[in-house]
Amino acid sequence: MTSRQLCPACTHRENHLIDPDCLICDGIGIIYLGDPALTIYPAEVVAEAVTITLEAAARLGDTTGTLSDDRQAHLRAALHDLRDAGLLDSETTTLTRAMASKTGSRNPAVALAAEVIQEPISGLDQLLPHADPHEYAESDRPGRRGTPVLSANGHPSHLARVCDPRDSTLDTRADVRRRRRKSRQARVLSEAARKAAGLKRVQPSSAHQKETLPARAEIAA
């Protein structure tokens with residue numbers, strides 16, 4: 001019954017590349033949902049609850065404490081709690097009665113996440129994991145007031161920012177130009193591949209085949 005979902009951290013990295021040291025998926029790019037939760041909820045509800053829980057935990061790590069604190073500590077605790085509660089695959093038993101009673105909730109994914117993390121779930125915890133990436137302008141200074149704080153790949157979610165932090169010393173202008181250059185190269189390659197796939201294979205004419213047959217026979221002899 002175990003289902004799986006793409007790693008919510010690696011899917012927000014540049015080109016969706018998997019980090020071999022990813023805290024969330026251990027470098028395999030997917031996470032496995034737990035059978036106990038799947039016996040009560042649809043897989044999509046469990047997957048969304050996992051995503052919301054990780055986003056809320058990342059928010060706590062991203063907005064509390066000091067710069068010297070371990071920003072991934074809340075994520076480690078959330079992963080442990082998700083496995084212990086049966087939402088992620090592990091050596092668990094069954095869901096607690098408190099969690100099982102949430103099936104009638106208007107948003108069971110939010111209720112599950114709140115029960116696991118034991119913290120209030122904000123509206124942004126539900127929206128940010130699915131928000132589109134943003135690209136800084138060449139003149140932007142990421143630390144300036146009013147400028148959105150983004151991950152290395154331009155995503156605003158706390159999970160992306162904690163698992164894929166942006167280098168504070170990065171040259172924004174150079175980074176913007178690098179991304180645009182790579183995007184142009186990708187479009188050119190995509191267009192070339194599309195045209196190459198549409199080319200018909202040229203078949204040799206029957207006259208050409210007749211001319212080459214004796215030569216092949218002589219070679220074989």
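I take helices and strands as DSSP runs, numbered from the N terminus. On that count Gly 27 falls in the loop between strand E1 (4-6) and E2. I keep in mind that this is a predicted model.

**Entry 1. Gly 27**

I looked up the exposure of Gly 27 first. Its relative accessibility is 28%, so Gly 27 counts as partly exposed. Next I listed the contacts of Gly 27, leaving aside neighbours within four places in sequence. They are Ile 18, Asp 19, Pro 20 and Cys 22. I also checked Gly 27 against Cys 10. The two are 17 residues apart in sequence, and their C-alpha atoms lie 8.8 Å apart.

**Entry 2. Overall layout**

I went through the elements of the chain. I find 9 helices and 2 strands. Along the sequence the pattern reads β-β-α-α-α-α-α-α-α-α-α. The chain has 221 residues, and 37% of them count as buried. I then turned to contacts between residues at least 6 apart in sequence. Of these, 64% join residues at least 24 apart.

**Entry 3. Confidence**

I read the pLDDT values next. The chain averages 80, and 81% of the residues score at least 70. Which elements have the lowest and the highest mean pLDDT? Helix H9 (residues 206-220) has the lowest, at 48. Strand E2 (residues 30-32) has the highest, at 93. I looked at the stretch 215-221 separately. There pLDDT stays under 50. For these residues the model has 0 contacts beyond four places in sequence.

**Entry 4. H2 against H5**

I took helix H2 (residues 43-63) and helix H5 (residues 108-117) as a pair. They pack at about 45 degrees, and their axes are 8 Å apart. That angle makes H2 oblique to H5. The crossing of H2 past H5 is right-handed. I noted the residues of the contact. H2 brings Val 45, Glu 48, Ala 49, Ile 52, Thr 53, Ala 56, Ala 57 and Leu 60. H5 brings Pro 108, Ala 109, Val 110, Leu 112, Ala 113, Val 116 and Ile 117. How does the contact of H2 with H5 divide by class? I get 13 nonpolar, 1 polar and 1 charged residues.

**Entry 5. H2 against H3**

The crossing of H2 and H3 is right-handed. On the H2 side the contact uses Val 50, Thr 53, Leu 54, Ala 57, Ala 58, Leu 60 and Gly 61. On the H3 side I find His 74, Leu 75, Ala 78, Leu 79 and Leu 82. The residues of the contact of H2 with H3 divide into 9 nonpolar, 3 polar and no charged.

**Entry 6. His 155**

Is His 155 buried or exposed? It counts as buried, because its relative accessibility is 9%. I set aside residues up to four places away in sequence and listed what His 155 touches. The partners are His 12, Ala 131, Pro 133, Val 149, Leu 150, Ala 160 and Arg 161.

Technical notes:
Residues numbered from 1 in each chain as written. Predicted model: local features only at pLDDT ≥ 70, side-chain atom pairs only at ≥ 80, totals over all residues. Heavy atoms only, no water. Axes fitted to C-alpha atoms, helices over the stretch in contact; angles between N-to-C directions. Helix = DSSP H or I, 4+ residues; strand = E, 2+ residues; numbered from the N terminus. Parallel < 35°, antiparallel > 145°, perpendicular 65-115°, else oblique. Left-handed = near helix turned anticlockwise from the far one by under 90°. Contact = heavy atoms within 4.5 Å. Nonpolar A, V, L, I, M, F, W, Y, C, P; charged D, E, K, R; others polar. pLDDT = per-residue confidence, 0-100. Buried < 20%, exposed > 50% of the residue type's maximum accessible area, 1.4 Å probe, protein only.
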